Amino acid sequence: MPISNERVSTHPFLRGLYEDDYYPDDVLDRGRAILLALCERIERERPAGLAALYALTQAATEEFNALEAAFEAAGSEIETVAREEIAEDFDFVARAYGFPDADVEELIATREW
């Protein structure tokens with residue numbers, strides 16, 4: 001399903017991480033895919049409130065948890081810079097889909113990184 005939200009479809013997810021050689025592009029591509037899949041799911045399911053949005057974002061966060069092993073295998077990790085960048089993208093997604101009051105910590109509450 002192609003993303004219909006123009007702000008989202010043109011957003012450079014994880015841009016700051018792609019600009020840093022410490023983070024392997026192939027792993028970042030997987031992280032970007034998680035974020036795009038989250039956007040597709042939001043468009044498909046149209047969460048009616050914050051609780052429904054949080055359920056979707058926390059499931060995507062768990063996918064990032066699983067991605068940590070791939071970062072480590074490539075000699076990288078989800079550390080402070082990556083955590084901030086990922087959190088900012090989750091916040092961007094919430095705002096782009098009409099949830100300006102979403103709490104970024106709640107969006108990624110299931111994180112292990």
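**Exercise 1.** Work out how α3 and α4 are arranged: which angle do they pack at, and how far apart are their axes?

*Solution.* Start with the geometry: in this predicted model, α3 and α4 pack at about 165°, and their axes lie 10 Å apart. Axes here are lines fitted to C-alpha atoms, for helices over the stretch in contact, with angles from 0 to 180 degrees between N-to-C directions. Because angles over 145 degrees count as roughly antiparallel, α3 is roughly antiparallel to α4. Next, look at the residues: R30, L38 and E45 are among those of α3 that meet α4, whose partners include L56, E63 and F71. Contact means heavy atoms within 4.5 Å. Finally, sort the contact residues: 14 are nonpolar, 2 polar and 4 charged.

**Exercise 2.** Now find which residues join α3 to α5.

*Solution.* Helix α3 (residues 25-45) packs against helix α5 (residues 80-96) at about 20°, with axes 11 Å apart. Angles under 35 degrees count as roughly parallel, so α3 is roughly parallel to α5. The contact brings L35, L38, C39 and I42 of α3 to D89, F90 and V93 of α5. Sorting them gives 6 nonpolar, no polar and 1 charged.

**Exercise 3.** Follow α4 to its end: where does α4 bend?

*Solution.* Helix α4 covers residues 50-73. Along the way, α4 bends by about 30° at A66, the bend being the angle between axes fitted to the seven residues ending there and the seven starting there. Just after α4, G75 has a positive phi of about 80°.

**Reading notes.** Residues are numbered from 1 along each chain as its sequence is written. Local features need pLDDT of at least 70, side-chain atom pairs count only at pLDDT 80 or more, totals for chains, interfaces and linings use all residues, and side-chain values use heavy atoms, leaving out hydrogens and water.

Methods: Helices (H or I, at least four residues) and strands (E, at least two) are DSSP runs, numbered from the N terminus. The expected span of a helix is 1.5 Å times one less than its number of residues. Angles under 35 degrees count as roughly parallel, over 145 as roughly antiparallel, 65 to 115 as roughly perpendicular and the rest as oblique. Ala, Val, Leu, Ile, Met, Phe, Trp, Tyr, Cys and Pro count as nonpolar, Asp, Glu, Lys and Arg as charged, and the others, Gly among them, as polar.
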